[in-house]
Amino acid sequence: MLTRFRALTVTGAVCASTFMALPNAVAEVEPGGWTSVSPTFTVQERGCGQVDGLTFQLTCSTASGDQRAERRYATYTGGTRQFEGYFRISSLSGTRISLKQTFNESAAGPYFMLAVERGGRLYAVHGGDTLSNAGTVGATVRVNTVHQVGSSHRTYINGSLQHTYASPGGSFYDKFGAYRTNSGNGPATVVWSNVRFWRK
């Protein structure tokens, strides 16, 4: 099976651990003091994962191994970070595909994983809480995560707060795309758009 890892660098980035600050902007959820940023990222394709711009595809139904197509953003270590992105599942023959992760680099493992089951249920992989049933094939869904390092991690679906999770301190990073969970498998195609980040 072809395994590929391809790194891309955002235009103007100095290194993968830096953030470029943009002018102040109004974030979509939670008011007050946000600054737009453009963190650098790498593209990760493993197993049958394929990335074409903001289209993320798992082409196989393999229920084992590392099957992923995603962007991995730069590490952050403090403050409050907001992610916003819109996804549309254009096909899902498999099930339990992770769409967005907040990864705890200090603990070397996923900290928060938003996944979808066939039929559209969006859920938190750790704990299994249902966040929404909006993830049906063809629907466009907005996701915001607000992570206050050392305090809490909040997830909004289509602008409504759906999940709150306690957060330890340490270093974290954001990932999104299409990623087979331990109990899931493809095929799946997920198209993301309008991805933005803020910090305060």
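Which residues touch the most other members of the largest nonpolar core?

1. In this predicted model, the largest nonpolar core has 35 residues, and Phe87, Leu122 and Trp192 touch the most other members. Leaving aside residues up to four places away in sequence, Phe87 is in contact with partners including Leu99, Leu122, Val143 and Trp192.

2. Strand β9 (residues 95-104) is mostly covered, with 9 of its 10 residues buried. Strand β9 pairs with strand β16 (residues 172-185) in the antiparallel sense over 8 bridges; there, Ile97 has Arg180 as its bridge partner. Strand β9 also pairs with strand β10 (residues 109-116), again antiparallel, over 7 bridges. These two strands form a hairpin with 4 residues between them, and Ala108 in the turn has a positive phi of about 55°.

3. The whole structure contains 13 aromatic pairs. Phe41 and Tyr73 form a tilted pair, 5.2 Å centre to centre with 45° between the planes. Phe41 lies in strand β4 and Tyr73 in strand β7, 32 residues apart, and both are buried. Tyr111 and Tyr165 also make a tilted pair, because their planes are at 35°, with centres 5.2 Å apart. Tyr111 is buried at 7% relative accessibility, whereas Tyr165 is partly exposed at 29%.

4. Two charged side chains sit over rings. Arg72 lies over the face of Tyr173, 3.5 Å from the ring centre, and the charged end of Lys200 sits over the ring of Trp34, 4.6 Å from its centre.

How values were computed:
Residues numbered from 1 in each chain as written. Predicted model: local features only at pLDDT ≥ 70, side-chain atom pairs only at ≥ 80, totals over all residues. Heavy atoms only, no water. Core = buried A, V, L, I, M, F, W, Y, C linked by side-chain atoms within 4.5 Å. Buried < 20%, exposed > 50% of the residue type's maximum accessible area, 1.4 Å probe, protein only. Contact = heavy atoms within 4.5 Å. Pairing = 2+ DSSP bridges. Phe/Tyr/Trp six-rings, centres within 6.5 Å; stacked < 30°, edge-to-face > 60°. Lys NZ or Arg CZ within 6 Å of the ring centre and 35° of its normal.
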